[in-house]
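Subject: Structure handover

Hello,

Here is the structure for you to look at. My notes on what turned up in it follow below.

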Amino acid sequence: MKILTNKTELDLKDFQEILVAHDKDYAHKRKLKNYYIGKHDILNKQGRPNGAPNNKIVSNFCQYIADMSTGFFLGRPIAYTTTEDNQEKLNMLLDIFKYNDESAHNLELAEEASITGESFEILYMDNDANIRFKAIPSEEVILVCEATLEENVICAIRRYRVYDFNGATYNEFVEIYDAKSIRYYSYSGTRLTLINTEINYFDDVPIIEYPNNIQHRGDFEGVLTLVDAYNMTQSLSLDDLMDFTDAFLILRGMGGTDNEDVEKMRNNKVLEFDDATGNAEWLIKNLNDSYIENLKIRLQKDIHKFSNIPDMSDTNFAGNTSGVSIKYKLIGLEQIRSRKEREFKKALQRRIELISGMLNMKSIDAIDFRDVEITFTPNIPANNQEQAQIVKDLQGVVSQKKLLSLLPFIEDPVQELEELKMEQEESDARLRDEENL
């Protein structure tokens, strides 16, 4: 959640008002997370009287959409490169990334943003004075920014709950981060009580926002009503089918039949009629199966269409598997990925900037974020032969690091170049030894 203000300094009353306004955003993000794990509104479907069927079927398109989008975006690790002069500084940064398991961390951030529209990470120093970063649930964070074109962050508020062992009751706490300090509060009702204050050793607010897109919307947020409609259609269809199974037997001309007679008929599989007017038939509900199936197909297609997430079980994905063909079929998903990449890249640059600021504070010459080239690789089935040909054609036009980053099976272009250099040096040494012989 982001709040804009013209104030340069906020007092306790301002924070209390912000926290009250945050309740609605908190509830909305919790709903999106519930939909991701399968807790849909269909589960609250009201039962019918007299024990009639009341099925509650969840078709979890939301999880499918978020997982596909996240996997396509960050299923392959991000590659970082720089110039030869800055390579040592970059290695220092990459060591920090490795210490924090950055690839898994980035995937966690991307998944959270895909579900709720944004994700957040906090940078901090651990007990060994190492730089760490960790993802924070998006429903817990409020960014307070200047109401200017730059929208510079004034402070970040983290609001979270600590549940008791029974899982039902909890205490609520608030942390406020600004460029100089971290303040810890307990929060009850609308009352904030200060617990402790610490120095913020980073040179700015150490919480970074990773928007999913400019609108801060989750990937399945726009199709929730379609998902609800599909769930309802599935559930009511099964209700009707069970009603059909529980059909009534009509006996004509057998008015004196009692329960004992019916039981005999059931066991003997024989019906006896007193006269020619007697008859037996089933009273059933006529199901328009074609209409229901067509409705479900339309809903399913609309869900995939408006979320831009293709149905991989569709027959359109069979046949031609060339790189160009696959990219054309995934054009909608690529549009989503490109928007994610732009927002994620800016946040990564901010992460590098904060880490470099901390290293400089420790009198360590750190790399400038503007000297780091960040490369994203879509996680799609790749035609390695096509990619290799592209790299071959670009020899002498693009740097070796950039060319290696284009190959899907190369995760760390820098390390690959170093290994290639070592192999070349070993080969040259063997040749010199042979010549000396």
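**What was found**

His216 is partly exposed, as its relative accessibility is 24%. Here buried means under 20% relative accessible area, exposed means over 50%, and partly exposed lies in between (1.4 Å probe, protein chains only). His216 sits in the loop between S10 and helix H5 (224-245). Its phi is near 60°, a positive value in a residue other than glycine.

Before going on, the ground rules. This is a predicted model: local features need pLDDT of at least 70, side-chain atom pairs count only at pLDDT 80 or more, and totals for chains, interfaces and linings use all residues. Residues are numbered from 1 along each chain as its sequence is written, and side-chain values use heavy atoms, with hydrogens and water left out.

**The chain as a whole**

The protein chain has twelve helices and 13 strands. These are DSSP runs, numbered from the N terminus: helices are H or I with at least four residues, strands are E with at least two. The chain has 437 residues, and 40% of them count as buried. Take the contacts in the chain with a separation of 6 or more: 66% of them come from residues 24 or more positions apart. Contact means heavy atoms within 4.5 Å. Accessible areas come from the Shrake-Rupley method with a 1.4 Å probe; for residues, only the protein chains shown count as cover.

**Salt bridges**

Side chains of opposite charge can pair when their charged atoms come close. The rule for a salt bridge is a side-chain nitrogen of Lys or Arg within 4 Å of a carboxyl oxygen of Asp or Glu. How many salt bridges does this rule give? The count is 27.

Asp365 and Lys89 make one of them, with their closest N and O atoms 3.2 Å apart. This pair links distant parts of the chain, 276 residues apart. Asp365 is in the loop between helix H9 (331-361) and strand S13 (373-375), while Lys89 is in helix H3 (residues 87-99). Asp365 counts as exposed, because its relative accessibility is 53%. Lys89, at 24%, counts as partly exposed.

Glu172 and Arg159 form another, at 2.6 Å from N to O. Glu172 lies in strand S7 (residues 170-177) and Arg159 in strand S6 (residues 153-163), so the bridge ties together parts 13 residues apart in sequence. Are these two residues buried or exposed? Glu172 is buried, at 12% relative accessibility. Arg159 is buried too, at 7%. Both belong to a network of salt bridges that also includes Asp23 and Arg161.

**Around Arg350**

Arg350 is in helix H9. Its salt bridge partner is Asp204, with the closest N and O atoms 2.8 Å apart. Asp204 lies in the loop between strand S9 (191-199) and strand S10 (207-211), so the pair ties together parts that are 146 residues apart in sequence. Arg350 is partly exposed, with a relative accessible area of 25%. Asp204 is partly exposed, also with 25%.

Which residues does Arg350 contact, leaving aside its neighbours within four places in sequence? They are Asp204, Val205 and Ile208. The C-alpha atoms of Arg350 and Ile208 are 7.3 Å apart, although 142 residues separate the two along the chain.

**Surface patches**

Patches are made of residues with over 30% relative accessible area and no salt bridge; like charges are joined within 9 Å, and nonpolar side chains (Val, Leu, Ile, Met, Phe, Trp, Tyr) within 5 Å. Lys and Arg count as positive, Asp and Glu as negative; His and the chain ends are not counted. The place of a charge is NZ of Lys, CZ of Arg, CG of Asp or CD of Glu.

A negative patch on the surface gathers Asp412, Glu416, Glu418, Glu419, Glu423, Glu425, Glu426 and Asp428. Asp428 is in helix H12 (residues 413-436). With 32% relative accessibility, Asp428 counts as partly exposed.

Ile199, Tyr201 and Met361 form a nonpolar patch on the surface, with about 340 Å² of accessible area together. Tyr201 is in the loop between S9 and S10.

**One more positive phi**

Ser363 is not a glycine, yet its phi is positive, at about 65°. Ser363 sits in the loop between H9 and S13. Ser363 counts as exposed, because its relative accessibility is 69%.

Best wishes
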